[in-house]
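This report describes a pair of protein chains for a reader who is new to structures. Please keep the model in view while reading.

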Amino acid sequence: MVSKRILLFIAISTSILFLIAISPYYFHNSIVEWYNSWQKLMFADICHQKISRTIHQNGIPAAVCGRCLGIYAFLSIGFIFIPIIKRFLIEKFRYSKVLLLTMFLIIVTDYSLQWISLYEGSNMSRFISGSLLGLSTTVFIIYHK
Amino acid sequence: MEPQQSNDISYWNAVTLTGIIFGLIVFVLNIIGGYATIGAEPSGGWVGPSMFTGLFSCLLAAFGGMVAVRIHLKQNPQPPLQLGRGAMIGLATGIVIAFVSTVLGLIWNIIDPSFSQNLIEASIANIEAMNIPEDQKQEMIDSVAAQMQQMYSVGGLVMAFVLSSLLYGILNMLTGMLGVKFYSPNEEV
């Protein structure tokens, strides 16, 4: 079991990352503004931020690619909802490690296949693969003993 | 005398060691990326060579928390280690990584004062080669020049340190918790 204080702290921290990642939608009006934004600068070292692989809203990209956005979104959602699910619905889950390693392999395979141009995924497929990794990470941290 | 538990022993040894090593790696890869950008022909692309070295260095640095937990447990093998303690080790490691890479970046600008100026010029040359309307191009050039000059000022460095501490801190906090789960299976609440 993970203490409530830690879960709250992690949920707030990951939510902050997610909110910063989507904040260009609400604070910038053009790609030029986005290109020079502190949000883009902050994530520049951890995400390629290719415009074609980033989810747009009203023509403005997020600060991270679709895959990273999925990871941050579901880390945040996971740390808020998985403890509730654990408390009221599923008390034990024995396969959290297998789940995490499987999702990690899926995301590495997906990334590698796109890297060598074997297939071209969509931003939605990137978002989904990222969200599965984010969710499985929270499941692992909360359920694994 | 009772043996100390992992949770009572200071973790700063592991945090400092890991933070310095990973901070150095981040700095070296960022410098390599910077020189690659300076030396590259302006392609007009939105993604430059420094982005790939930066991406690799940060992905690596995100696992500093896990490595610090591993080192802490190697030095103090008595389980169990609290999950919250692992998170703290990761958070502290992330902040040390950000601090070390920022300070080394500052020192590098003293060693090679032309580095930042050359990087600004290379970035502007790349924007000039971009296939975008002329007014947007000019706006972007002005903004990039102002941003990069500010980046190497004291205020810019403090801002860079705060942003990278936030990012590295949170990511390493998560990997620190993963480290406790992987390396200290009997972790406490």
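## Terms and source

Helices (DSSP runs of H or I, at least four residues) and strands (DSSP runs of E, at least two) are numbered from the N terminus. A helix axis is a line fitted to the C-alpha atoms over the stretch in contact, and angles run from 0 to 180 degrees between N-to-C directions.

This is a predicted model, in which local features need pLDDT of at least 70 and side-chain atom pairs count only at pLDDT 80 or more, while totals for chains, interfaces and linings use all residues. Residues are numbered from 1 along each chain as its sequence is written, and chains are lettered from A and ligands numbered from 1 in the order in which they are written.

## The two chains

Chain A has seven helices and two strands, in the order α-α-α-α-β-β-α-α-α along the sequence. Its C-alpha atoms fill a box of roughly 50 × 35 × 25 Å along the principal axes. Of its 145 residues, 46% are buried; a residue is buried if 20 or more other C-beta atoms lie within 10 Å of its own, exposed if 12 or fewer, and partly exposed in between, with C-beta atoms placed from the backbone.

Chain B has seven helices and zero strands, so its pattern reads α-α-α-α-α-α-α. Of its 189 residues, 41% count as buried. Two residues are in contact if their C-beta atoms, placed from the backbone, lie within 7 Å. Among contacts in chain B with a separation of 6 or more, 83% join residues 24 or more positions apart. In chain A, 72% of the contacts between residues at least 6 apart in sequence join residues at least 24 apart.

Two packed helices are described by the angle between their axes and the distance between the axes. Angles under 35 degrees count as roughly parallel, over 145 as roughly antiparallel, 65 to 115 as roughly perpendicular and the rest as oblique. A crossing is left-handed if the near helix is turned anticlockwise from the far one by less than a right angle, and right-handed if clockwise.

In chain B, helix H3 (residues 64-75) and helix H7 (residues 154-183) have axes 6 Å apart and pack at an angle of about 40°, so H3(B) and H7(B) are oblique to each other. H3(B) passes H7(B) in a right-handed crossing. Residues in this contact include B:Gly64, B:Ala68 and B:Arg70 of H3(B), and B:Met173, B:Gly176 and B:Tyr183 of H7(B). The contact has eight nonpolar, six polar and one charged residue. Here Ala, Val, Leu, Ile, Met, Phe, Trp, Tyr, Cys and Pro count as nonpolar, Asp, Glu, Lys and Arg as charged, and the others, Gly among them, as polar.

H3(B) also meets H4(B): their axes come within 8 Å and cross at roughly 120°, which makes H3(B) oblique to H4(B). This crossing is right-handed. Among the residues involved are B:Gly65 and B:His72 of H3(B), and B:Gly90 and B:Ile97 of H4(B). By class, the contact has four nonpolar, seven polar and no charged residues.

Helix H1 (residues 12-39) of chain B meets helix H4 (residues 83-111) of chain B, with axes that come within 7 Å and cross at roughly 45°. H1(B) and H4(B) are therefore oblique to each other, and the crossing is right-handed. The contact includes B:Phe22 and B:Phe27 of H1(B), and B:Val96 and B:Trp108 of H4(B). Its residues divide into 15 nonpolar, seven polar and no charged.

## Nonpolar cores

A nonpolar core is a set of buried Ala, Val, Leu, Ile, Met, Phe, Trp, Tyr and Cys residues joined through C-beta atoms within 7 Å. The largest one has 71 residues, of which A:Ala21, A:Phe43, A:Val64, A:Leu69, A:Tyr72, B:Ile97 and B:Met177 touch the most other members. A second, separate core of five residues includes A:Val32, A:Tyr35, B:Ile127 and B:Met140.

Leaving aside neighbours within four places in sequence, which residues is A:Tyr72 in contact with? They are A:Thr14, A:Leu17, A:Phe18, A:Ala21 and A:Gly134.

## Two residues with positive phi

A:Gln49 has a positive phi of about 55° although it is not a glycine. A:Gln49 sits in the loop between helix H4 (38-43) and strand E1 (56-57) of chain A. Is A:Gln49 buried or exposed? A:Gln49 is buried, because 23 other C-beta atoms lie within 10 Å.

A:Asn58, which is not a glycine, has a positive phi of about 55°. The loop between E1 and strand E2 (60-61) of chain A holds A:Asn58. A:Asn58 counts as exposed because it has 8 C-beta neighbours inside 10 Å.
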